[in-house]
Amino acid sequence: NMQFDDTDRKILRLIQVDATLPLEEIARQIGSTKSPVWNRIKKLKAAGVIDREVAILNGNSIGLTETFFIAIRTDQHTSDWLGRFTEIVNEMPEILECHRLAGDVDYIMKIRVASTRDYDLFYKRFIGRINLFNVTSSLSMEVIKETTALKV
């Protein structure tokens, strides 16, 4: 783990909100100059602290208006099953996140689709590809908080 100071944290907070900020603007906001800011960002990238820079799309504006969460319980715990499950999850672009959990539920997934009908089609495709013990789907009624910014 890389150690970072308050200046690194300030930079990280700013670029998590807007990675397109010019170096001059970041430097101005943190009371520094362009060159040291550039060097710090380069160092943070090299250390893997900055994983990647992406454009985050507004799902509603491109017609993906429905978010579902799927809780999965399985009675399969072999490495073959897990490998197949992982492969399927990574092939299906509707799945935004998938986590293996401790506790009663084995996996939870976040899905983004255009409609409940599209979700049903996705769901049928998904369960047709792998054997699952129990699946519970929940439709998100309202987004209260959604961020990609980590607390630094």
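## Exercises on pockets and salt bridges

The largest pocket in this predicted model holds about 1600 Å³ of space.

**Exercise 1.** Describe the lining of the largest pocket by position, element and class.

Solution.
- Step 1: the lining consists of 38 residues, and those nearest the centre of the pocket are Arg52, Val54, Ile56, Thr148 and Ala149.
- Step 2: two or more lining residues come from each of helix H1 (6-17), helix H2 (23-30), helix H3 (34-46), strand S2 (95-100) and strand S3 (107-113). H1 gives the most, with four residues.
- Step 3: sorted by class, the lining has 22 nonpolar, six polar and 10 charged residues.

**Exercise 2.** Give the volume of the second largest pocket and describe its lining.

Solution.
- Step 1: the volume is about 230 Å³.
- Step 2: 15 residues line the second largest pocket, with Thr67, Arg112, Ser140, Val143 and Glu146 nearest its centre.
- Step 3: strand S1 (66-73) and S3 each supply at least two lining residues, and S1 has the largest share, three residues.
- Step 4: the classes are three nonpolar, six polar and six charged.

**Exercise 3.** Find what joins Arg40 to Asp5, and state where the two residues lie.

Solution.
- Step 1: Arg40 and Asp5 form a salt bridge, with the closest N and O atoms 2.8 Å apart.
- Step 2: this pair links distant parts of the chain, since Arg40 is in helix H3 and Asp5 is in the segment before H1, 35 residues apart.
- Step 3: Arg40, at 22% relative accessible area, is partly exposed, and so is Asp5, at 33%.
- Step 4: Asp5, Asp8 and Arg40 are linked in a network of salt bridges.

**Exercise 4.** Which salt bridges do Arg9 and Lys124 form, and how are the partners spaced along their helices?

Solution.
- Step 1: Arg9 pairs with Asp6, the closest N and O atoms being 3.7 Å apart. Because these residues are three apart in helix H1, about one helical turn separates them.
- Step 2: Lys124 pairs with Asp120 at 3.0 Å, N to O. Both lie in helix H5 (residues 116-129), four residues apart, about one turn of the helix.
- Step 3: Arg9 is partly exposed at 26% relative accessibility, whereas Asp6 is exposed at 54%. Asp120 is partly exposed at 33%, and Lys124 is exposed at 52%.

**Exercise 5.** Which residues form a nonpolar patch on the surface?

Solution.
- Step 1: the patch is made of Phe69, Leu101 and Ile108, with about 210 Å² of accessible area together.
- Step 2: Phe69 lies in strand S1. Its relative accessible area is 33%, so Phe69 counts as partly exposed; patch residues need over 30%.

Technical notes
Residues numbered from 1 in each chain as written. Predicted model: local features only at pLDDT ≥ 70, side-chain atom pairs only at ≥ 80, totals over all residues. Heavy atoms only, no water. 1 Å grid on protein atoms, 1.4 Å probe; cavity = no way out; pocket = protein on both sides within 12 Å on 5 of 7 lines; lining within 4 Å. Points joined across faces, edges and corners; volume = space filled by probe spheres on them. Nonpolar A, V, L, I, M, F, W, Y, C, P; charged D, E, K, R; others polar. Patch = residues over 30% accessible without salt bridge, like charges linked within 9 Å, V, L, I, M, F, W, Y side chains within 5 Å. Areas by Shrake-Rupley, 256 points an atom, 1.4 Å probe, with all protein chains shown as cover. Salt bridge = Lys/Arg side-chain N within 4 Å of Asp/Glu carboxyl O. Buried < 20%, exposed > 50% of the residue type's maximum accessible area, 1.4 Å probe, protein only.
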